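I opened the notebook to look through this model. My entries follow the order in which I looked things up.

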Amino acid sequence: MNNLPKHARETQTPSLVAPPTRQEIVLRHNDLSKGAVQGAGQRYYLRALHIDNFGVFHQKDIGPFGPGLNVVYGRNEAGKTTIRQFIGGVLFGWPQGGSRTNSYSNTSGDRAGTLNFSPRADVGGAGASRAGTVTGDADTGTDTGSAGVDSAGSQPNSVNAASAQRGAYSAGTNGARTSYGSEIRITRTSKRGQPEEDSAEHSSLLADIDKTTYANVFSLDTDELMDLKAGDKLTSRFLSASADTAVSPSQAKQNIENQIKDCFSRSQAESYKRSIPNLKAQLSQVQSKLEEAEEQRHRLFDDRETYKNLSREERTLNERIARLQSLEKQLSNCETNLVHWKNEHKKLTEDVRDLDEQKDDLTREERTFESSHDAYPDKKDSDIMHMRKDIQALRKKLTRSEDALQDAKTHREDSYVRLQTLKNKMAKEQTDSVSTRTTRAARRALPSVLTLILLAIGALTFSFGRIQSSISITGLGMVILALAFVGMLAIVVAGRRQIKQPSHLLVLENQLESDQTTFDRDDALFNIKQKDYSACEKEIATWIQNAGFGEYARNLDEAEDILDSLEEIHKTQRLFHQRWLSLNAQDVQLRKRERNLAEEHQDILRTFEDADINDSASDLEQKLENALSRVAEELKLARDEQTQNLRHLGQLNERFSRAANDNELSELRLQVEKLHTKLDDAHKHLAVLLLARDLISGALHRWESQSSPDVYGRAGHILEAMTSGAWDHVQLDSAGKIQAVSFSGNTMKPVKMSLGTRQQLYLSLRLALLQTASDVGKNVPVLCDDILVNFDEARREGAAKAIASLAAQRQIIVFTCHQDVVSLLKDVCPNITEISL
Amino acid sequence: MATDAKVTFIHAADLHIGAPFTGIRHTTPELAHSLVAAITQSYNRLIDTALRRQVDFVVFAGDVFDRARPTYADFSSFYNGLNKLQTAHIPVYICNGNHDPWSTWSKDYGELPDNTHIFSAEHPEFFVYRKGNSPDGTPLATLGGRSFLNETFPKNDCIANGITKFDAQRATRIATPFYVGVIHTGLDFDHNQAYVPRQKLFSSGMNYWALGHIHKRMVINAPNGQNMQLVYSGCIQGRDVKEIGPRGCELITLEQGKRNKLEFIPLSSIIWEQCNVDISECSTLDQVTSKIRHALQRIDAGPGEHKVVVRVALVGRTNLNTLFSNENLNAIRHNINEHHAIVFCDSIIDCTRGIRDDATIKREGLFASLVLEGASWQKDHSNELFESLEREFAQRGEQLPREFSDQMQSVEQDALELVFRELGGEKK
């Protein structure tokens, strides 16, 4: 419990611990010692104090005080106020220094000191406690006048055990002679007035008094008496502190207020996790994430639209690409066709040129031929055939005639020759007959010699062969021999023939006659034949003339030559004709090709729309190229677009498939709902707290309005006594502000009163409060710091009486620097404890 | 006719696909996961049932989606389910409700498969169902319905107007053996949500009315033994702790000459329950824990594969309530959930009251009696208190939770308990 802030709500039990039984509570509460003091009866009073260091004091002991009225006399600057501040400082924390307030720090060291509280001997009785009495058994069974502590059975009635537990303390203060069985020491040593954790004893000692109440009601000086801050609330807090509940209602109300405050705490500590601002912060955190996720969801659904559009675009693109591709193919075909056409065209052109050349050549040849052969009159082939026949016939005739002539001529000549010869012969015969005989002999001799030689050779060879035993030589020899014999035979034969020659001169003369006849005959024949021949020649010449060859041919051969030439010409002409035919056929082919090409051209033009009919091939080629490159570009663009599209589609698909498994948005929504539920819970809790606060406030109000009249009544009495009847009532006006009523019924607000009367009024109130709620702060002394200075003597006496009256129930310490005040107090209260500084 | 005509279909409504669960305080990651998947799982079970039982068609009577638009995953599941039905030649007829009016469908939800038909929002519309969902099947049933155009149905028009057997025949020029009406309406329970007096439906000549809007299954039989029912199929998965009990869809069989057959098909993945545990006899937190455990064990999970999530309320009179801090209750809850597989406790709420003898307190006339007086004053001035609470909240820039005015009584009770707890509590 010691480490928690004052209004923490949590229990310290981290795990589930069963709630303690009664005995356990008792024992445990020894440590906590809560309630050990409160309500159970034991009352304490400030017996002495030890200042280690505070203000002007250093290692100073003050006391012993009595449980009733005390007066501390000291001159100015003796430290009266210091002592008062010290007591408050130890109880509630050192005063904060500032430009207008004194912190009471000094250079000797940190502020430190101890208050010693002793148990009262006679609670509620007139303060007859002497210094140093032991009050070991004062608490057995004594009912201290607070209500029976049977609230929920959790209040311990265990002071016995508590006191036994604590054991003996030696007082350690000056003048302590006896052991104080259950003395309580409150020490504070912290620097700079920082509130430090109070010990349990400390808290229980103070019980229901907080710093404000102490300052307003218990620690009085003339300034305090000018007012009663938060008048009626203070009263109620004061009074409610004396209610019969285990926790004072004002404390409970405070707790509730604190809980209400906690609802709005922004602390990050675990226990404040459910506070409204923290929940709202969590909610806004999650909500911003949720917004993002909702955004994402929205985008996803937009992406669906995009996907649909993209798919459509994809289809369109596909179609476009297909179209472009077919166009490309078309154009490319066109191109190929065009190239083909070009080649064909070129070839055709060449061929046409060739043909033309050939035609020209042929024409030229023809012309040349014609020109070189146009001399002869042309004849038809059939005529030529006849003519040839004629020529043959003529020739035959001529040849015959010629032959005949020749024969005749020959015969004639022969005859002539014979004749002549014969004549010669006859002449010669005579001369020759002599000479021939000689030659005949020689002629006969020569071969015989030869034959004899041969015979010899043959025989030799034959014998040689036989000697050599060689068949071949032998054979050869035989052959030669054979030849020799044959030759001999021949000579013989020849010789016989020579014998037959008769004398022929007579014969010769006969002959001459016949020959002359023959000659004449032949001559005549010859002349006839010559005439024939000339006739033939004339016939031929006429025929040639008729044929028209007169200028060109002189004879049949020449005529035949002409015919041959003509035939040749005709043949050549026929060849020419053939060639022309072939050339024409080629021409026709070329024309056909030309037509085909023209058609192809048309086709190309048709398929290629940019084509102009006037375009040349290279123009077309260029245009086609351009068109192709354009198409290629478009295709590339389209394909690029397609790639991009597909990529985009792929990305979207990925996103979709991821999203199909993504539950983040749902989880965030759930979180938001959970937080909303918790926020609703927190709001409901707040509403409960607010209603509870109203409930308890209302009850408090009624409580106080029941008992506060008591306070104001008493205050009225005290004031009446103090002012000797000048003022006899204290009440609240309709606005809830304090006012006094004079004996004459005149009401007056404090602000209108004289200084003294005002202080008397507020003093009366305080005294009345302290009297009415006799249990509240029962252990804490009331400190009056020269509060009577503004009172006149009569009122001073009245005040002193009132104070003394209160001292019967409470410890009061009056500080003064006036000796006559001391005397006055002594007079009024003989049991007073007097301390001088 | 050789055989009597017969048609079976599934009637579901209020799917609220995409809507988060409300009213939940605590989840484990496992439970959170189940929650997130719950509605989709239930929907998938619906589709499976339709396929397994080979129904003729499916009807969704509104609120298929929610104002919180479905996530992509949820929408994909919905779409896939429709596709599966399309493959099996099962058409789907949908009317839009106040949470998913036509104005949001047409904008957000793209094109649905061909087998899905949505009733028009501008006028009653009729669809003729032919056997096997093919154009030459025999006409078996005419469905008539009307959708919400916006989030509220115009008050001067009745959503059931023009949906009668006679109107159906006139519009379609076909006579069918059965007529089914499909609308999203509060009937005569909710005057603010497409009010329709039930008599109007009883006299419409339809065989069956497939209704949506009320999340709890309800069957209203036509009077005088007429063979007609007005049925709320209820939602297929409870989405709030308050929607307790099993949820699902209806499988309807209409057969000529026989009474309509209705069969409830449970579909939920998560069933909510509420459980009050009286801990008056307990004196330790351990005893409280075991009492809660016993109570949970007695909860019947019912058939099917679903989780049961229980909201436990501690009731009774005890003075242990000072120990019922959030932390302690959470610790108890964790303890219980660790040992329980099927049933999950989402939160434990302290509704206990302190042990007090009010009569004695009043008699003693001490401070506590003043508190009781104040409490009874509060009870008599609930409305004023409500307004002053509103003001106080507004001052702090806060707002009271929805429908708070209905809870004033319990709030006052809680306030009283809190005051007594504070007064009797341990001093700090």
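**Entry 1: a proline in a loop**

I started at Pro64(A), which is found in the loop between E2 and strand E3 (69-73) of chain A. Helices (H or I, at least four residues) and strands (E, at least two) are DSSP runs, numbered from the N terminus. The peptide bond from Gly63(A) to Pro64(A) is cis, and its omega is near -10°. As a reminder to myself, most peptide bonds are trans.

I noted the ground rules here. This is a predicted model, in which local features need pLDDT of at least 70 and side-chain atom pairs count only at pLDDT 80 or more, while totals for chains, interfaces and linings use all residues; side-chain values use heavy atoms, with hydrogens and water left out. Residues are numbered from 1 along each chain as its sequence is written, and chains are lettered from A and ligands numbered from 1 in the order in which they are written.

**Entry 2: a sheet in chain A**

I then traced an open sheet of four strands, in the order E2-E1-E4-E5 (chain A), with antiparallel pairing. Two strands pair if DSSP finds at least two bridges between them. Strand E2 (57-62) and strand E5 (184-188) of chain A are the edges; each has a single partner strand, so one side of each has no neighbour in the sheet. On average, neighbouring strands of this sheet are turned by 15° against each other, direction ignored. Strand E4 (residues 112-119) of chain A runs antiparallel to E5(A), and five bridges join them. I looked up one partner: Thr114(A) is bridged to Thr187(A) in E5(A).

**Entry 3: a sheet in chain B**

Chain B has an open sheet of six strands, ordered E4-E3-E2-E1-E11-E12, and its pairing is mixed. Its edge strands are strand E4 (116-118) and strand E12 (261-266) of chain B, each pairing on one side only. The twist averages 20° from one strand to the next. Strand E3 (residues 92-95) of chain B and E4(B) run parallel, joined by three bridges. Val92(B) has Thr116(B) as its bridge partner in E4(B).

I also found a helix on these strands. Helix H2 (residues 72-87) of chain B lies across strand E2 (57-61), E3 and E4 of chain B, and runs at about 140° to E3(B). Axes here are lines fitted to C-alpha atoms, for helices over the stretch in contact, and angles run from 0 to 180 degrees between N-to-C directions.

Ala194(B) is not a glycine, yet it has a positive phi of about 50°. I placed Ala194(B) in the loop between strand E7 (178-184) and helix H5 (198-202) of chain B.

**Entry 4: where the chains meet**

How many residues of chain A are in contact with chain B? I read 69, against 74 residues of chain B. Contact means heavy atoms within 4.5 Å. The area buried between the two chains is about 6,500 Å², and carbon and sulfur atoms give 62% of that. Buried area is the accessible area (1.4 Å probe) that two parts lose on being put together, summed over both.

The rule finds four salt bridges across this interface. A salt bridge is a side-chain nitrogen of Lys or Arg within 4 Å of a carboxyl oxygen of Asp or Glu. I noted that Lys280(A) and Glu398(B) meet in a salt bridge, at 2.6 Å, N to O. On the chain A side, helix H7 (249-263), helix H8 (276-373), helix H13 (617-660) and helix H14 (664-722) each supply at least two residues. H14(A) gives the most, with 30 residues.

**Entry 5: a bridge within chain A**

Over all chains the count comes to 47 salt bridges. I picked Arg669(A) and Glu294(A), whose closest N and O atoms are 3.0 Å apart. This pair links helix H14 and helix H8 of chain A, 375 residues apart.
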